[in-house]
Amino acid sequence: MGISVYSLGAAGEVTGSKHVLEIDGIPYMIDCGAFQGRRAVSDAKNRNFDFPVDKLGTVILTHGHYDHCGLLPILVKRGFKGNIYATPATRDLANVVMMDSARIQARDAEYLGKQAKKKGEKFTWKPLFDEADCTKAADQIITVSYKRNMYIAPSLQLEFFDAGHILGSAFAYLTVKGRHGTLNAPSAALYDEGNEIRILYTGDIGRPEKPIIRKPSNDMPAPDYIFLESTYGNRLHEESSFAMTELERIVNEAVAKKGKIIIPSFAIERAQELIYYLHLLVDKKRIPSIPIYIDSPMAVSVTGIFGIHPECYDDEVHEAFLKHHKNPFGFGALSYVTSVEESKALNDREGPMIIISADGMCEAGRILHHLYNNISNPKNTILIVGYMAENTLGRKILDGEKEVKILDEWFQVKANVEQIDAFSAHADYEEMISWLKSIDTSRLKQIFLVHGETAALDAFTQHLWEAGFKDVTTVKYGERYDLT
């Protein structure tokens with residue numbers, strides 16, 4: 001039967017990570033993420049996801065972002081009862097992310113149902129899953145710490161290494177032990193230990209100089225195959241020091257105009273990183289202490305999870321947080337907003353102030369209301385600090401469109417639009433190549449590229465060739481690749 005791999009998401013696109021390693025007819029899924037982008041397109045893609053759960057061996061989760069864990073409840077809802085392996089921090093984050101999605105879908109169903117009733121239309125849209133499905137999915141997660149090599153099937157070993165992307169993120173290092181016998185064998189000893197295939201799934205790779213968490217690991221054994229992300233395969237980020245300088249400039253310019261800075265941000269990692277940087281700038285008196293609001297219930301929950309997983313911190317934050325009890329996620333100017341009433345009240349207050357709100361691509365959530373109320377005021381600033389998928393509202397604002405549609409109304413974009421690339425949680429192409437050169441590639445046969453738009457994939461392939469990595473394949477959706 002042999003060994004093969006294929007992808008059902010994040011192949012030729014960035015989000016919706018779903019990769020499958022099949023061994024002698026039994027599939028093992030690496031990530032089960034939701035597609036993110038325009039709401040109608042995302043809903044259709046996620047709703048049409050289908051997989052034979054009765055055959056599925058296990059699921060391996062690289063990290064807790066929605067585009068990597070968001071469809072786990074669907075697997076469970078459809079009858080999957082197997083194990084889901086993740087690091088402890090990933091389990092906690094994924095639980096929050098899945099629950100948040102279920103609650104948003106429930107609210108959407110209620111709102112859309114009322115709108116349809118007013119119009120006398122039939123309403124048939126239903127949430128993909130509910131909170132009970134999320135609870136079941138979380139119950140099936142088995143936590144595995146970094147560098148704890150273990151068998152997850154008679155012929156398959158899993159070991160997590162720190163990916164440096166978000167809290168708890170991991171490279172999934174899989175070793176297929178031997179290629180003889182049957183997977184129903186009672187003991188791994190029946191396999192030929194000298195004949196193994198090693199596959200490294202990077203998930204998402206972080207940047208080496210990110211604050212808070214450690215840099216990506218490079219001490220794993222030599223892999224035969226690497227599934228490598230390519231989100232920024234055609235881009236270079238600014239240095240972290242530049243990010244601090246730019247953030248200082250943008251805040252001080254907004255203060256001078258008494259304007260608001262609206263920052264669309266993902267609730268995981270980006271929000272906490274912004275808090276950390278703003279804390280440093282206030283402490284160093286490089287910016288005044290103006291009100292900063294984290295307007296995202298999920299970001300509030302996630303920041304709490306950061307507080308209970310210091311094992312993921314880099315040395316600097318670990319030293320401050322544990323030894324000196326300095327909370328990098330709490331200071332005088334910072335307020336966490338949870339209720340809808342508090343969120344609405346922000347739009348009636350005068351600047352200067354900073355509002356960090358989800359969703360990161362401006363397709364849903366409270367950020368839409370803040371953009372609705374502030375995007376046409378030239379005193380205000382929209383600060384883009386992360387990846388914006390094609391055709392999303394965030395991408396349109398970033399690309400400089402003069403008029404955008406928000407909540408079914410058109411608005412002139414008169415606010416100042418700024419971007420800081422250095423906050424990205426993804427490595428750029430130079431950082432990824434540097435990481436590749438730092439690991440043992442003595443056995444490497446092939447690199448499979450996933451998680452990238454066409455331009456990024458094409459450019460990254462060229463950069464890899466120039467760096468000496470010649471056997472590079474761009475993974476196509478659903479196409480099967482045999483491993484030997």
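**Strand pairing and helix packing**

Me: How many bridges join strand S4 (residues 59–60) to strand S5 (residues 84–86)?
Reply: The model is predicted, so local features need pLDDT of at least 70 and side-chain atom pairs pLDDT 80 or more, while totals for chains, interfaces and linings use all residues. Residues are numbered from 1 along each chain as its sequence is written, and side-chain values use heavy atoms, leaving out hydrogens and water. Strands (E, at least two residues) and helices (H or I, at least four) are DSSP runs numbered from the N terminus. S4 and S5 run parallel, and the number of bridges joining them is 2.

Me: Which residue in S5 is the bridge partner of Ile60?
Reply: Two strands pair if DSSP finds at least two bridges between them. For Ile60, the partner in S5 is Tyr85.

Me: Which are the edge strands of the open sheet of 7 strands?
Reply: The strand order is S6-S5-S4-S3-S2-S1-S22, with mixed pairing. An edge strand pairs on one side only, as do S6 (141–143) and S22 (481–483).

Me: Are H6 and H7 roughly parallel or roughly perpendicular?
Reply: H6 (residues 240–257) and H7 (residues 270–283) pack at about 70°, with axes 11 Å apart. Axes are lines fitted to C-alpha atoms over the stretch in contact, and angles run from 0 to 180 degrees between N-to-C directions. Angles under 35 degrees count as roughly parallel, over 145 as roughly antiparallel, 65 to 115 as roughly perpendicular and the rest as oblique. H6 and H7 are therefore roughly perpendicular.

Me: Which residues in H7 meet H6?
Reply: Contact means heavy atoms within 4.5 Å. H6 contributes Ser240, Met244, Leu247, Glu248 and Val251, which meet Tyr277, Leu278, Leu280 and Leu281.
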